[in-house]
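These are my notebook entries on a single protein model. I set down what I looked up, topic by topic.

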Amino acid sequence: MPGRVALALFAHPDDETLAAGATLARLADSGWAVHVVLVGDGRITARPEPADNRDAAVAACAVLGVEAPVFLGFADQRLDTVAVADLVNAARDAAPAPDLVVTNAEVDLNLDHRIVSHVARVLARPIDRPVSLLEASVPGEADWNGAGRTPNWFVDATGTFERKLAALACYEGEARPWPHPRSPEALDALARTIGAGSGLGLAEGFTLVRGYEGHLP
């Protein structure tokens, strides 16, 4: 809806694309102002060969047609060492007040994801104004956590899924070969499975925590 503001709050670069890239692109195409805020500093440290994904995130957001990402600067895989209040305040100051928050899922294996999910729930409390909240699981994370995927909100990705794949290609070190769940083939299969179950053809699935008319894709 024109004039609406969406906050895409995620832990790491590529989370926004893997979990919700087609939906963020759809929102932008529909006239929403889509602000991407990445809680981490953009560096991947929990690997034998560390990586810096900041430039890739900027390129991916450009492909999706959303605002350039803001990095809050907290260390990768260390969010559990930071007070939640500090994370909430930093996220609140990084973008305009949103009508919709799209964020990591509380069922993901990655602890950073679960912490950001909690931060988003605090930010999206309907105290002064209604704020819709959608959680998006990064492919593989819920399954690795033994939680599975049970989306209850579905967004048509037919017109924007190719942009999601193009955005993922910006992350040269993150797209994996089949049968990894973050391979292009697996993302296509997942979008088709969710789309078939929801009658949309190609779709992204979310957990709707709270929603208001006019505040959802």
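Predicted model: local features only at pLDDT ≥ 70, side-chain atom pairs only at ≥ 80, totals over all residues.

I then listed its lining: 14 residues contribute, and Leu18, Lys164, Leu190, Ile194 and Glu204 are the closest to the centre. By element, helix 1, helix 6, helix 7 (184–198) and strand 9 each give two or more residues to this lining. Helix 7 supplies the largest share, with four residues. In total, I counted two cavities of 30 Å³ or more in the structure.

I read off a volume of about 310 Å³ for the largest pocket. Its lining consists of 16 residues, and Arg92, Ala97, Pro98, Leu123 and Val131 are those nearest the centre. Helix 3 (84–93) and helix 4 are the elements that give two or more residues to the lining of this pocket.

I examined the pairing of strand 6 (residues 100–104) with strand 7 (residues 132–136), which is parallel and spans five bridges. I looked up two of the partners in strand 7: valine 101 is bridged to leucine 133, and asparagine 104 to alanine 136. I next checked how far strand 7 is covered, and found five of its five residues buried. Ser132, Leu134 and Ala136 are buried on one side, and Leu133 and Glu135 are buried on the other.

I asked which residues of helix 2 (residues 54–64) are buried. They are Ala56, Ala57, Ala60, Cys61 and Leu64. Viewed down the axis of helix 2, these buried residues fall within an arc of 130°, so they line one face of the helix. The general rule is that an α-helix has 3.6 residues a turn, so residues three or four places apart point the same way. On the other side of helix 2 I found Asp55 and Ala62 exposed. The buried residues of helix 2 pack against helix 1 (15–29), strand 2 (33–40), strand 5 (70–74) and helix 6 (161–169). Just after helix 2, I noted that glycine 65 has a positive phi of about 85°.

I searched for positive phi in residues other than glycine, and record two here. Aspartate 14, which is not a glycine, has a positive phi of about 95° and sits in the loop between strand 1 and helix 1. Its relative accessible area is 6%, and with the cut-off for burial at under 20%, aspartate 14 is buried. Glutamine 77 has a positive phi near 60° and belongs to the loop between strand 5 and helix 3. At 25% relative accessibility, glutamine 77 counts as partly exposed. I also looked at the peptide bond between tryptophan 178 and proline 179, which is cis with omega about 10°. Proline 179 lies in the loop between helix 6 and helix 7.

I located alanine 157 in the loop between strand 8 and helix 6. At 1% relative accessibility, alanine 157 counts as buried. Leaving out residues up to four places away in sequence, alanine 157 touches Ala22, Leu202, Ala203 and Glu204. I also took a C-alpha to C-alpha distance: alanine 157 and threonine 193 are 36 residues apart in sequence and 12 Å apart in space. I placed alanine 166 in helix 6 and found it partly exposed, at 37% relative accessibility. Alanine 166 and alanine 85 are 81 residues apart in sequence, and 35 Å separate their C-alpha atoms.

How values were computed
Residues numbered from 1 in each chain as written. Heavy atoms only, no water. Buried < 20%, exposed > 50% of the residue type's maximum accessible area, 1.4 Å probe, protein only. Arc of directions from axis to C-beta. Contact = heavy atoms within 4.5 Å. Pairing = 2+ DSSP bridges. 1 Å grid on protein atoms, 1.4 Å probe; cavity = no way out; pocket = protein on both sides within 12 Å on 5 of 7 lines; lining within 4 Å. Points joined across faces, edges and corners; volume = space filled by probe spheres on them.
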